[in-house]
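Subject: Handover of a structure and notes on its features

Dear colleague,

Please find the structure below, together with its sequence. My notes follow directly after it, and I would be grateful if you would read them alongside the coordinates.

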Amino acid sequence: YLALRLAMCRRLLPPDAPMVLDDALVNFDPARTRAALRVLREEPRQILLFTCQEREGNYLEGRPGVTRTALRGGGA
């Protein structure tokens, strides 16, 4: 589904429109997660990746062009 989302965004959105992904990698194993994050880092547009996992943030921590913000609190 990630490949389909990327293709649709590239085809339908203006190049300067951000892409919002909410737990898009939650069911990926570690190897697929790393591969997907490498692909996402190559995207020319801004990507807002929301996740409940620590692994995505840990992998991307300190990489150029990446800002990690942890949201805390709440819950239902």
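A patch, as the word is used here, is made of residues with over 30% relative accessible area and no salt bridge, where like charges are joined within 9 Å and nonpolar side chains (Val, Leu, Ile, Met, Phe, Trp, Tyr) within 5 Å. Accessible areas come from the Shrake-Rupley method with a 1.4 Å probe, and for residues only the protein chains shown count as cover. On that basis Tyr1, Leu4, Met8 and Leu12 form a nonpolar surface patch, with about 540 Å² of accessible area together.

The model is a predicted one, in which local features need pLDDT of at least 70 and side-chain atom pairs count only at pLDDT 80 or more, while totals for chains, interfaces and linings use all residues. Residues are numbered from 1 along each chain as its sequence is written, and side-chain values use heavy atoms, with hydrogens and water left out.

Overall architecture

The chain contains three helices and two strands, arranged along the sequence in the pattern α-β-α-β-α. These elements are DSSP runs numbered from the N terminus, namely helices (H or I, at least four residues) and strands (E, at least two). Along the principal axes, the C-alpha atoms fill a box of roughly 35 × 30 × 25 Å. Of the 76 residues, 22% count as buried; buried means under 20% relative accessible area, exposed over 50%, and partly exposed in between (1.4 Å probe, protein chains only).

Tyr1 is exposed, at a relative accessible area of 84%. Its C-alpha atom is separated by 8.4 Å from that of Ala24, 23 residues apart along the chain. Asp23 is found in the loop between strand S1 (19-22) and H2. Although Asp23 is not a glycine, it has a positive phi of about 50°, and at 25% relative accessibility it counts as partly exposed.

Salt bridges

A search of the whole structure finds six salt bridges, each defined as a side-chain nitrogen of Lys or Arg within 4 Å of a carboxyl oxygen of Asp or Glu. Arg10, Glu43 and Arg45 are linked in a network of such contacts.

Arg68 takes part in a salt bridge with Glu54, the closest N and O atoms being 2.9 Å apart. Glu54 lies in the loop between S2 and H3 and Arg68 in the segment after H3, so the pair ties together parts that are 14 residues apart in sequence. Arg68 also meets Glu61 in a salt bridge, at 2.8 Å, N to O. Arg68 is partly exposed, with a relative accessible area of 36%; Glu54 is partly exposed at 44%, and Glu61 is partly exposed at 48%.

The largest pocket

The largest pocket holds about 930 Å³ of space. Of its 26 lining residues, the closest to its centre are Leu49, Leu60, Thr67, Arg68 and Thr69. A pocket here is an open set of points on a 1 Å grid over the protein atoms alone, where a 1.4 Å probe fits, with protein on both sides within 12 Å along at least five of seven lines; lining residues have an atom within 4 Å of a point. The volume is the space filled by probe spheres set on the points, which are joined across faces, edges and corners.

Helix H2 (30-42), strand S2 (47-50) and helix H3 (55-60) each supply at least two lining residues, and the largest share, four residues, comes from S2. By type, the lining divides into 12 nonpolar, seven polar and seven charged residues. In this scheme Ala, Val, Leu, Ile, Met, Phe, Trp, Tyr, Cys and Pro count as nonpolar, Asp, Glu, Lys and Arg as charged, and the others, Gly among them, as polar.

Leu60 lies in helix H3 and is buried, with a relative accessible area of 12%. Leu60 and Pro15 are 45 residues apart in sequence and 23 Å apart in space, C-alpha to C-alpha.

With kind regards
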